[in-house]
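Biologist: Before we discuss anything, could you put the model up, and then take me through how its features are to be read?

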Amino acid sequence: METHHKLSHVKNALTSYIDTLTPQDTFTIQTFSRRGTEDLWGSAPGTAVEKTDAKEFIGNLSLAKNHYKTNLHEAFLEALLRAKRDAKDSSDDAVTILMLLSDGHATTGETDSQKIHEDVYKLNREGKVKIF
């Protein structure tokens, strides 16, 4: 039951964050589990229509049957590649932010946190994507 409670908090936080976006912002929502990316919404600008659609997507998120398996490494690298592509297509004054929401425990795929950190650093060595 505690896991469902955590998901509820994440959904509320993400919905609140989406409320702060402007039409000049572009955002993507990517869910993941044991296979890396599970589902994808966006990229889209932060217009009222897109924000409403994204909030509906978030509202429909649920825990996978295998929610105890997290391929954090694969999901992080996939999200970072997507964010770097978006950054390349953005104006010079735009900031690309990757927010990874997870329990922080890699349980399948690459599970060594130091190796995950190194791979993410190598892929974002130029610092184009701000990671939170």
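**Reading the fold, a helix pair and a core**

Modeller: From the N terminus on, the elements run α-β-β-α-α-β-α-β, where helices (H or I, at least four residues) and strands (E, at least two) are DSSP runs numbered from the N terminus. This is a predicted model, in which local features need pLDDT of at least 70 and side-chain atom pairs count only at pLDDT 80 or more, while totals for chains, interfaces and linings use all residues. Residues are numbered from 1 along each chain as its sequence is written, and side-chain values use heavy atoms, with hydrogens and water left out.

Biologist: What span should the 17 residues of helix 3 have?

Modeller: The expected span of a helix is 1.5 Å times one less than its number of residues; for helix 3 (residues 72–88) this gives 24 Å, and the end C-alpha atoms are 24 Å apart, which agrees.

Biologist: How do helix 3 and helix 4 lie relative to each other, roughly parallel or roughly antiparallel?

Modeller: Two packed helices are described by the angle between their axes and the distance between the axes. Axes are lines fitted to C-alpha atoms, for helices over the stretch in contact, with angles running from 0 to 180 degrees between N-to-C directions. The axes of helix 3 and helix 4 (residues 113–123) come within 10 Å and cross at roughly 10 degrees, and the two helices are therefore roughly parallel (angles under 35 degrees count as such).

Biologist: Which residues of helix 3 and helix 4 meet?

Modeller: With contact meaning heavy atoms within 4.5 Å, His 73, Phe 76, Leu 77, Leu 80, Leu 81 and Lys 84 in helix 3 meet Ile 116, Asp 119, Val 120 and Leu 123 in helix 4.

Biologist: Which residues of the largest nonpolar core touch the most other members?

Modeller: In soluble globular proteins, nonpolar side chains tend to be buried together. A nonpolar core is a set of buried Ala, Val, Leu, Ile, Met, Phe, Trp, Tyr and Cys residues joined through side-chain atoms within 4.5 Å, buried meaning under 20% relative accessible area with a 1.4 Å probe and protein chains only. Of the 13 residues in the largest core, Leu 80, Leu 98, Val 120 and Val 129 touch the most other members, and its largest share, 7 residues, comes from helix 3.

Methods: Angles under 35 degrees count as roughly parallel, over 145 as roughly antiparallel, 65 to 115 as roughly perpendicular and the rest as oblique. Buried means under 20% relative accessible area, exposed over 50%, partly exposed in between (1.4 Å probe, protein chains only).
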